[in-house]
Amino acid sequence: MLDPVLVIASSTALAALLASAASHKLRDRRAFNAIVHAYQLLPAPLAPGATASLALIELALALALLLPAWRTDAALGVALLMALYASAIGLNLWRGRRDIDCGCSGPGAAQPLRPVLLLRNLVIALLAGLAAWPVAERALGVLDIFVVSAAAAVALLLHVAVDGLLANQPRLAKLNGR
């Protein structure tokens, strides 16, 4: 059994991450549809349905992570979704298709496929595993709520920072002549 602060902070950070990802996909469905199509994992007529489904799944998981009764199932769903995304990335890396956008960073922040994205998805899946862990029963106080909020914010800021570094790494390499 884990302290509820750790589990709630993990699920809150994941919920915010997934809600943001779903928002990117829903705001520019045409661009995300092109990314799904570029992965070449589905027949072209199925790409629009997959585009909408992935965004809605992310949104549903984000909401379910915030509900204690659904948290464990939602966290396991997040881990499975990260495994699906990692499989799609891994298959395209294996095919030698590193030039397509991973679809990870939202519109206007293209990020080519690279092995480090598999590690990032593993870290997110591990955070989901933490969110799925059973919690010890105890009352939460005001300080606990502050710690949950701060920990979730730090996790999100770390994700944004790492994602920004990953997205800009190819540009930085070009500037350095590599």
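The paragraphs below lead through the structure from its overall build to a few individual residues.

This is a predicted model, in which local features need pLDDT of at least 70 and side-chain atom pairs count only at pLDDT 80 or more, while totals for chains, interfaces and linings use all residues. Residues are numbered from 1 along each chain as its sequence is written, and side-chain values use heavy atoms, with hydrogens and water left out.

The chain has six helices and zero strands, where helices (H or I, at least four residues) and strands (E, at least two) are DSSP runs numbered from the N terminus. Along the sequence this gives the pattern α-α-α-α-α-α. The C-alpha trace spans about 50 × 40 × 30 Å along its principal axes. For 178 residues a compact globule would have a radius of gyration near 16 Å, and the 17 Å of the chain agrees with this; the radius is taken over C-alpha atoms, and the globule rule is 2.2 Å times the number of residues to the power 0.38.

Of the 178 residues, 38% are buried, a word that here means under 20% relative accessible area, with exposed meaning over 50% and partly exposed in between (1.4 Å probe, protein chains only). The accessible surface of the chain comes to about 10,000 Å², and 72% of that surface belongs to carbon and sulfur atoms; the areas come from the Shrake-Rupley method with a 1.4 Å probe, and for residues only the protein chains shown count as cover. Among contacts between residues at least 6 apart in sequence, 73% join residues at least 24 apart, a contact being heavy atoms within 4.5 Å.

Leaving aside neighbours within four places in sequence, Val78 is in contact with Leu14, Leu18, Leu61, Leu65, Ile124 and Ala128.

When residues up to four places away in sequence are not counted, Thr51 touches Arg29, Phe32, Asn33 and Val36. The loop between helix H2 (29–38) and H3 holds Gln40, which has a positive phi of about 55 degrees although it is not a glycine.

Arg120 lies in helix H5 (residues 116–132) and is buried, with a relative accessible area of 11%. Apart from neighbours within four places in sequence, Arg120 is in contact with Cys104, Gln111, His159, Asp163 and Leu166. Cys104 in turn forms a disulfide with Cys102, their sulfur atoms being 2.2 Å apart. A disulfide is a covalent bond between the sulfur atoms of two cysteines; here the term is applied to a pair of cysteine sulfur atoms within 2.5 Å. A search of the whole structure finds one disulfide. Cys102 counts as buried at 8% relative accessibility, whereas Cys104 is partly exposed, with a relative accessible area of 24%.
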